[in-house]
Amino acid sequence: MTSVEPPIEVGELLSLADPEYMYGAGSIRLRVTMVPRTQLMPGYTEVIGHQILWTGERGDDRVVFVQRAALPTIRARSNVD
């Protein structure tokens, strides 16, 4: 268990492809609502947020473990969506 400064900020919109998050089951868009200060998975950042549906509406809340190494790609894609 480590405590790190979160590399993902509350309010960010992340467009995640399934290989970029643990147990990925398709692409998702997630509006970050919380990043726990204590991270349990090496190489991943736990992120809590609500899914943004293809209609732009708010979907269900999700807990997702995002691969830290994929963050530059995720952010580049998220900024153009």
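Q: Why is Thr 45 called buried?
A: Its relative accessible area is 1%, and buried means under 20%, with exposed over 50% and partly exposed in between (1.4 Å probe, protein chains only), so Thr 45 counts as buried. A word on the source: this is a predicted model, where local features need pLDDT of at least 70, side-chain atom pairs count only at pLDDT 80 or more, and totals for chains, interfaces and linings use all residues. Residues are numbered from 1 along each chain as its sequence is written, and side-chain values use heavy atoms, leaving out hydrogens and water.

Q: What makes the Arg 75 and Glu 12 pair a salt bridge?
A: Their side chains come to 3.0 Å, N to O. The cut-off is a side-chain nitrogen of Lys or Arg within 4 Å of a carboxyl oxygen of Asp or Glu, so the pair qualifies. Arg 75 lies in helix α1 and Glu 12 in the loop between β1 and β2, so the bridge ties together parts that are 63 residues apart in sequence.

Q: Is Glu 12 buried or exposed?
A: Buried, because its relative accessible area is 18%. Arg 75, at 28%, is partly exposed.

Q: How do you know that Glu 20 and Arg 77 form a salt bridge?
A: The N to O distance is 2.7 Å, so it meets the 4 Å limit. Glu 20 counts as buried at 8% relative accessibility, while Arg 77 at 26% counts as partly exposed.

Q: How many salt bridges does a search of the whole structure find?
A: Three; one of them joins Arg 58 and Asp 61, with the closest N and O atoms 3.2 Å apart.

Conventions
Helix = DSSP H or I, 4+ residues; strand = E, 2+ residues; numbered from the N terminus.
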